[in-house]
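Hi,

Here is the structure I promised to pass on to you.

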Amino acid sequence: MLLPLLLAALPQTAETQPAETQSAGAPSEPVPPNVVIVLLDDVGRDRIGAYGGHPSPAPTPHIDGLAKRGVLFRNAWAYPSCSPTRAALLTGRHAERTGMGAVILTNDGVQTPLDPEEVILPEALPRHGSIVIGKWHLRDSEGPLAHPNEVGFDRSIVYVGPNTFESWTRVVDGESTPRTGYFPRTVAEDAVAAFGEMEEPFFAYVCPKLAHSPYHVPPAELHTRTEPTTREEKHVAMTEAGDTLLGRMLDASDLSDTYVFVIGDIGSPGPTVSGPFERGRVKGAVYEGGVRVPFLVAGPGVARGIETDELVHVTDVFATVLDLARAPAPKSGAEDSVSFAPLLRAEDARGARETLYVSSFPHEGTVGESVRAIRTKRYKLIHSVTFGTFELYDLEKDPLEQVDLIKARPGPDTDALRERLLALVPEFE
C-alpha cells in the first residue's frame, strides 16, 4: 500500500525566493536551492539533546541549534543497519527492491554492491552538481574504487578498506592515496571546501562516520569530555565531535539558499547505551531504538523551531528533495518515496504517511534472520519471517515496547489487530 509522491513545491516569498541568475537581454531564471545531507553514523535519539530521551545526552549544541532553526521529526524511521539505510536514502526504494537487506561485509563471500542501474537522488537533480564525501559503504572491497561515480555522483571523496579513524585510504574519483590524521575532521574540511568551490546549485552527501566503532577518544579540540574510558563515554565524546564538525559545515552553509538535512542512519550501538533503550533493541534491531532516528531539516522557507510527530521514512528524502529543488519526478524508481515538504511549512501540517515499514534480511548466498516491521501512528507489528513469530505493541501507551500485546492480551481482538497490520505490509513485485 504505497502512497503516491507529493510534488508540491514550497511557496516562494520575497524572504524565501532563491537567488536568480542574470542573463543580459533574457529573463532571469531561478536557481534551485543547494542541498546538503549529513548522515550521522550510529547516533540514536538518546544521544541528541534536542530529543530529550536521555538524562545525560551528548553535548550537541549545533544539532540542537539546527532544531531551533528548522523542523525536528520525532517519528522518522531508517533501516536497522548501515548499508540498507544508505541505499534507501539515495534511491527512495525499500530494501526488497534494491536487494540491500543487510550491511555489506568484506568477508561474507558474496558481492552485493548497490547496482549502478539504480536511479539515485543526484541523478534526478539535473541542474545540481553532486558530491559524496566520507563513508560510502555501498560497494564490496573488491568493487571498483570509482563506484560512487559509477552509481551517479559527479564527484566522490571517500575511503576504502579498514578505517581506524587515524589511518585510511582516501579515494578521489577512483584515485586512491594512503592517508593519516583524524578522518572525520578531514571529511568536514573536504565538505567545507566543496561548499565553497562547487558551482551552485549543488547536492552534497556527507558521511563523517561518527560515532561508529572503533570507539575512541577524538582530538581534544572536538569534545569536552574529561578522560573518557568506557565505550559509552567514548561514544558520547565521538557524538560531540561529530556535532562540532557539523557546526563547521553549518558555518560554511547559507540556510537562505541551502537545505540542510541531518539524519541518523541507525540507533546507537548496544555496547554504548544506558537507557532509555535496552541494549538488544538498538542498532541492528527493528525496535524503535534501532530504527527511529534523529531527523532534522532547515533551510529556505522551512518553519523555525517546530517538532512533528508525523510519520516519515528515510526513503522520503528523495521525493522531498525533488520538491524543494522544484525538480520533476524521475521516470522510474523512487517508488517508496513520499514527499514530506508540507511538514516543513507549518506546525499543524499533516503528513501523507499512515504507515512506516522496514525489513532486514540476509544477502543472497548468506544466512541470517529475515524480519520486518510495520507501524501506524499508534500500533506496531514485528514479524520474524524466519521463525514465524509476531510481536505487537501499542506505541502510544508503550513507546519503549515493553508489553507485547500478543502475550499480554491474547484473544480475537489482538489477533484481528495483528492481521490488520500485517495486511498493511507493502507488496513488492
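Grid points are joined across faces, edges and corners, and the volume is the space filled by probe spheres set on the points. With that, a search of the whole structure finds five cavities of 30 Å³ or more.

Please keep in mind that this is a predicted model, where local features need pLDDT of at least 70 and side-chain atom pairs count only at pLDDT 80 or more, though totals for chains, interfaces and linings use all residues. Residues are numbered from 1 along each chain as its sequence is written, and side-chain values use heavy atoms, with hydrogens and water left out.

Now the sheet. Helices (H or I, at least four residues) and strands (E, at least two) are DSSP runs numbered from the N terminus, and two strands pair if DSSP finds at least two bridges between them. Ten strands, 10 in the order β8-β7-β6-β5-β9-β3-β10-β11-β4-β12, form an open sheet with mixed pairing. The edges are held by β8 (175-180) and β12 (306-313), each with a single partner strand, so one side of each has no neighbour in the sheet. On average, neighbouring strands of this sheet are turned by 20° against each other, direction ignored. Axes here are lines fitted to C-alpha atoms, for helices over the stretch in contact, and angles run from 0 to 180 degrees between N-to-C directions.

Helix α8 (residues 316-324) touches β3, β10 (258-264), β11 and β12, and its direction makes about 170° with that of β10. Helix α5 (residues 183-197) lies across several strands, including β5 (129-134), to which it runs at about 165°.

α5 also packs with helix α6 (residues 231-251) at an angle of about 10°, their axes 9 Å apart. The two are therefore roughly parallel (angles under 35 degrees). Among the residues making this contact are Ala-188 and Phe-195 of α5 and Leu-245 of α6.

Back to the spaces. Residue classes are as follows: Ala, Val, Leu, Ile, Met, Phe, Trp, Tyr, Cys and Pro are nonpolar, Asp, Glu, Lys and Arg charged, and the others, Gly among them, polar.

- The largest pocket has a volume of about 550 Å³. Of its 25 lining residues, Ile-104, Thr-106, His-137, Tyr-159 and Gly-161 lie nearest its centre. The lining divides into 12 nonpolar, eight polar and five charged residues, and β6 gives the most, with three.
- The second largest pocket holds about 370 Å³, and β16 gives the most to its lining, with three residues.
- The second largest cavity has a volume of about 90 Å³. Helix α6 supplies the largest share of its lining, six residues.

Best wishes

Terms used
Contact means heavy atoms within 4.5 Å. On a 1 Å grid over the protein atoms alone, a cavity is a set of points where a 1.4 Å probe fits but cannot get out, and a pocket is an open set with protein on both sides within 12 Å along at least five of seven lines; lining residues have an atom within 4 Å of a point. Angles under 35 degrees count as roughly parallel, over 145 as roughly antiparallel, 65 to 115 as roughly perpendicular and the rest as oblique.
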